[in-house]
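Colleague: Hi, could you walk me through this one?

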Amino acid sequence: GDYADVHSPPTSQVDPEEIPVCPHHGQPMRFHCGACDVCICGDCGMIGEHQGHKPVRYVADVTEERKGQVAKKVEKLETDVMQTLERSLLSVNKMSTQLTSRAKEVCNEIQHAGERSKDMVDAHVRQMIQEVKDMEETRHKVLDQQ
C-alpha cells in the first residue's frame, strides 16, 4: 500500500476486456503513475520501476478527470469559435453596409454626370438649331433682295 495514493475503488468501472496488460508483469494496467504520466500495473508500482512514485491513482479516475478537462477545453474552444464567428459576421455586415452605401454614392454621381451631360447636349442642340434658323433667316434676306 505505501506506493499508492489509492484508498477507494475507481469511481467508474472499466470493462476488464478493455484494460491493457503490463508487458513486464502480465498484470492488468489499472493504475496511472502521475510522476511518469503512464499506465502501470500494481507490480510496477510496488516492486517495479515506478516504486515510490506519486501520485498513483486508478486509471479510470484519471480518465474521468481528463475527460472533464477535455470537456472544459472543448467548451472554451466552442465559445472562442462562436465569438470569432460573431465578430466575423459583424465585420461582413459592416462591409455589406459600406458596399451598399458606396454603390448608392456612385449611382448618384453617375446620375448627376448624366444630367450634366444631357444639359450640355441639350444646350448644343439648341445652339445648332439656332444657327440653322439664323442661316435660314440670312438666306431669306438674300432671296428677298433679288
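This is a predicted model: local features need pLDDT of at least 70, side-chain atom pairs count only at pLDDT 80 or more; totals for chains, interfaces and linings use all residues.

Colleague: Thanks! In what order do the elements run?

Modeller: From the N terminus on, they go β-β-α-β-α, with helices (H or I, at least four residues) and strands (E, at least two) taken as DSSP runs.

Colleague: And how are the strands arranged in the sheet?

Modeller: The open sheet has the order β2-β1-β3, with antiparallel pairing; two strands pair if DSSP finds at least two bridges between them. At the edges sit β2 (38-40) and β3, each pairing on one side only.

Colleague: Which residue stands opposite Cys-33?

Modeller: That is Val-56 in β3. Helix α2 (residues 59-145) packs on the sheet and touches β1, β2 and β3, a contact being heavy atoms within 4.5 Å.

Colleague: New topic: which residues form the largest nonpolar core?

Modeller: It has nine residues, including Phe-31, Ile-40 and Tyr-58. A nonpolar core is a set of buried Ala, Val, Leu, Ile, Met, Phe, Trp, Tyr and Cys residues joined through side-chain atoms within 4.5 Å. Both β1 (31-33) and β3 (56-58) supply at least two residues of this core.

Colleague: What share of the chain is buried?

Modeller: Buried residues (under 20% relative accessible area, 1.4 Å probe, protein chains only) make up 16% of the 146 residues.

Key
Residues are numbered from 1 along each chain as its sequence is written. Side-chain values use heavy atoms; hydrogens and water are left out. Buried means under 20% relative accessible area, exposed over 50%, partly exposed in between (1.4 Å probe, protein chains only). Axes are lines fitted to C-alpha atoms, for helices over the stretch in contact, and angles run from 0 to 180 degrees between N-to-C directions.
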